[in-house]
Amino acid sequence: MENSGAKFSPRPNKSNQFCSVFGCNSRSRKNPELRFHSFPNECEHTRRAQWEHNLIIGKKLTKYMILCSLHFNREDYILPDTHSTKRYLKKTAVPTCNLPTLSTCKVISSKEKEQNNSRLLRFAKRANCQLKFEDCENDDINIIHETLPNTPVDKHFDLPTTSDVSVQVNSGDIKLNILTLMNTEQKLSTLTDISSYQFLDSLVESMQLTNLVSSRNQNIISLKERIVMTFMKLKQNMSYSVLAIFFDCSNDKCKRIILNTIDILSLILKPIISWPFRTEIKCNIPTCFRKFSDTRIVIDCIEIPLMKPKNLTGSLISYSQYKSTYTAKFMTDITPGGTLSFITPAYGGRTSDKFIFENSKLIDKLENGDAIMCDKGFLIDNICAQGHIKLYRPPFLKRNKQLSKDESLMNVDIASARVNIKKVNQRIKIFNVFQKYPSSLLSRLDASFTVICEIVNLSHPILANDKFVT
Ligand SMILES: [Zn+2]
C-alpha cells in the first residue's frame, strides 16, 4: 500500500524538535526534509478536536507539542511559486497520514517501538533513493510516497486508504505520479504493453507534432501520462474510477482524454499496417508455408464481445445467438511472416465471414497468381475463382465419407501454417478491453482495434529468424 506524507527540500534546523505523535520518531535535526507544525489553538475548537482524535493524543495538549509533515498529504499544503517563499499548511488541514492505532499504542513495548521505527526509517531512506520524481513542477518540493513493507511496522500506522490519493488537488501542481511507479520497462510493459521507454518517448514526440491534442488540462496531465492512461485502459480495461485515482482527475476527464488519445494514436501509427509488395512476401516465407509459398495473405475473423450496446439497431446487428452475447467482428489479414497487413472496420457479430471478405474489396488488392489461406468459415470459392486467386482452406468432410489421404495431409499442413497466424490474433486478445468491450468506448471501437493491431505489429516478431526459408 501507498504511504504518503509530505516531505520538502532539506533545510538546516538549529533547534531539535520532536514529533509528538505516538510511534513517530521524526526529529527536526535528523529529518531536515520534514516540517513541524503546532496544534490548532483553542479558538479552533473543532479542528483541534479532529487532530486530537486522529492522532489519539489521549492527554492534555500543551503549546509545546508539535507534529511532523509526515502526517499530512501534499494536498494539505499551499505551495509557493518560487523556491524562496514559504509553504503553509492549509487552515483546514487535518492529519490523515501515518496515524497511530489505539490497540498497538498499548501493546507494543518501547523497545519494539524503537526497532519498528528504525526499520521504517531505513525503508523510507531506501524509498527515497529509489523513487525519482518526474513532472514535479516545483523542483524544490520532493514529496515521497513510500510503500511500507509488510512488517510489524504496519502495526504502528494505519495505512492510508486509496481515498487519500484520490483527493482532488486544488492547487493543481502536484499529484501521485503513476509514471514513477513504472520505474522498470517490465512494469511499463505489464501495465500498458508498451515495450520500452524509448517507444513511449517516441509516441510522445509524435503526438506533440500533431495539433490534435485537446489543450484542456494539458498542463495538469502530460502527454506521457495521457498515453500511459490510454494504454492502461486498453491493456487492463481499468474502470475510469480507478484511472481517476491513479491520474488524480475526474472520471469524465479520464474518459475524454482516452477518447482523444485513441483518435490521435490510430492516426500516428497508421503506416504500421501496410499492404506489402509481393516481392517482400516472397523473401519472407516461413518454413511452415513451404508448400503454400504463393500465399499472399492469411485471413481470419476475430470476434470481440461487447457490453450491451445502448441503441437498439446496434444490439440487433451485434447480437450473436450462437454465443448469446453481443459481439463485433473484424477481419484481419496477416502475411505468412506474421505481420498484420490489413484490417477491416468492425461488423456486427452476426455478419458472415464471406460478407466481410467481399465488402473489404481485398480481392482487388490481390494479383494474378496470389493465394489466400483461410479457415472453413470463409465460403469465398466463387469470388476467388473469378479473380483467379487460389484458395488454401481445410477441406470439408463430405457426407459419411472420411477425408482422403491427400486431403488429411493438406488439413494438417494448413493447420500447422495457421498456428503461427493464430498467435497474432491471440496477441490482440491479450488486451483486456477486448474481453468485454466497454460501451463508453464504442464510438472508438475501430480506432482502438487499429491502435492495438499497430502495437502488435511493433512488438517482437512471432517467428524467430530460423523459422524462415532461406
Ligand atoms: Zn511525526
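The contact is made by Tyr240, Ser241, Leu243, Ala244 and Phe247 on the α10 side and by Asn251, Cys254 and Lys255 on the α11 side; two residues are in contact if their C-beta atoms, placed from the backbone, lie within 7 Å.

## How to read the model

Residues are numbered from 1 along each chain as its sequence is written. Since this is a predicted model, local features need pLDDT of at least 70 and side-chain atom pairs count only at pLDDT 80 or more, whereas totals for chains, interfaces and linings use all residues.

The mean pLDDT (the predictor's confidence in each residue, from 0 to 100) of the protein chain is 78, and 77% of its residues reach 70 or more. Over residues 103–114 the pLDDT is below 50, and this stretch has eight contacts in the model beyond near neighbours in sequence. Residues 116–175 also have a pLDDT below 50, with 100 contacts beyond near neighbours in sequence.

## The chain and its cores

The protein chain has 18 helices and 15 strands; helices (H or I, at least four residues) and strands (E, at least two) are DSSP runs, numbered from the N terminus. Of its 470 residues, 31% are buried, where buried requires 20 or more other C-beta atoms within 10 Å of a residue's own, exposed means 12 or fewer, and partly exposed lies in between, with C-beta atoms placed from the backbone.

The largest nonpolar core has 66 residues, and those with the most contacts inside it are Met229, Phe247, Cys254, Ile299 and Ile452; such a core is a set of buried Ala, Val, Leu, Ile, Met, Phe, Trp, Tyr and Cys residues joined through C-beta atoms within 7 Å. Helix α18 (residues 445–458) gives the most to this core, with seven residues. Apart from it lies another core of 17 residues, including Ala6, Cys19, Leu70 and Leu99.

Helix α18 has 14 residues and spans 20 Å from its first C-alpha to its last, close to the 20 Å expected at 1.5 Å a residue, the expected span being 1.5 Å times one less than the number of residues.

Leaving aside neighbours within four places in sequence, Met229 is in contact with Leu243, Phe247, Cys254, Ile257 and Ile258.

## Two asparagines

Asn98 has a positive phi of about 50° although it is not a glycine, and Asn237 likewise has a positive phi of about 50° without being a glycine. Asn98 lies in the loop between β5 (88–89) and β6 (99–100), and it counts as buried because it has 27 C-beta neighbours inside 10 Å.
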